[in-house]
Amino acid sequence: MVERIARQLKQPNKYVVNTLGKRVLQEKLSLADVLHCENPDAVAYDWIEAYGLQPGEYDVSKVDPQYTDHIPTALQMGKVYSRLVVSTLQEGEDYADGMIRVYNHPICEIIDDYNSSAYYEPSYFLTRSYWAGSFN
């Protein structure tokens, strides 16, 4: 849902998680079993309205056709980030804390640049790159 809303608003993912904050993320995560049955566009609209999320100018869909002819779906990227959050959870940290930490990490700028190959690297490589702070 974070990816869907961020794309719709043309904002980076970290804007969405930071604006929602830990308490709201925890609440939404606790309702995920119910919300997954809802229309995702309606849920996104509700969240945008309820939490005052504002449009921006960050457009992940603008890619150079020389490097790629498609971008991953919001669902695909949600899975990439979900695996990264789970694989980097620290002791005593809940999933909402992990989301905020991961989405605010500078490596996300590289993962979200679909002109590069970072987003489809294996999970273990993304995790190792996250801890190293770069893909080098």
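1. In this predicted model, Thr88 is a buried residue, because its relative accessible area is 0% and a residue counts as buried when that value is under 20%. Thr88 belongs to helix H5, which covers residues 74-88.

2. The surroundings of Thr88 deserve attention. When neighbours within four places in sequence are set aside, Thr88 is in contact with Glu93, Arg101, Val102, Thr127, Tyr130 and Trp131.

3. Two packed helices are described by the angle between their axes and the distance between the axes. The axes of H5 and helix H6 (residues 95-103) come within 9 Å and cross at roughly 110 degrees. H5 is therefore roughly perpendicular to H6, since angles of 65 to 115 degrees are placed in that class. The crossing of H5 with H6 is right-handed.

4. Which residues of H5 and H6 meet? From H5 come Tyr81, Ser82, Leu84, Val85, Val86 and Thr88, and from H6 come Tyr95, Gly98, Met99, Arg101, Val102 and Tyr103. By class, this contact of H5 with H6 has eight nonpolar, three polar and one charged residues.

5. The largest nonpolar core has 31 residues, of which Ile5, Leu20, Met77, Tyr81, Met99, Val102 and Ile111 touch the most other members. Two or more residues of this core are given by each of helix H1 (2-9), helix H2 (13-30), helix H4 (40-50), H5, H6, helix H7 (107-111) and helix H8 (123-132).

6. Not counting residues up to four places away in sequence, Ile5 touches Val16, Ala44, Trp47, Ile48 and Leu53.

Notes: Residues numbered from 1 in each chain as written. Predicted model: local features only at pLDDT ≥ 70, side-chain atom pairs only at ≥ 80, totals over all residues. Heavy atoms only, no water. Helix = DSSP H or I, 4+ residues; strand = E, 2+ residues; numbered from the N terminus. Buried < 20%, exposed > 50% of the residue type's maximum accessible area, 1.4 Å probe, protein only. Contact = heavy atoms within 4.5 Å. Axes fitted to C-alpha atoms, helices over the stretch in contact; angles between N-to-C directions. Parallel < 35°, antiparallel > 145°, perpendicular 65-115°, else oblique. Left-handed = near helix turned anticlockwise from the far one by under 90°. Nonpolar A, V, L, I, M, F, W, Y, C, P; charged D, E, K, R; others polar. Core = buried A, V, L, I, M, F, W, Y, C linked by side-chain atoms within 4.5 Å.
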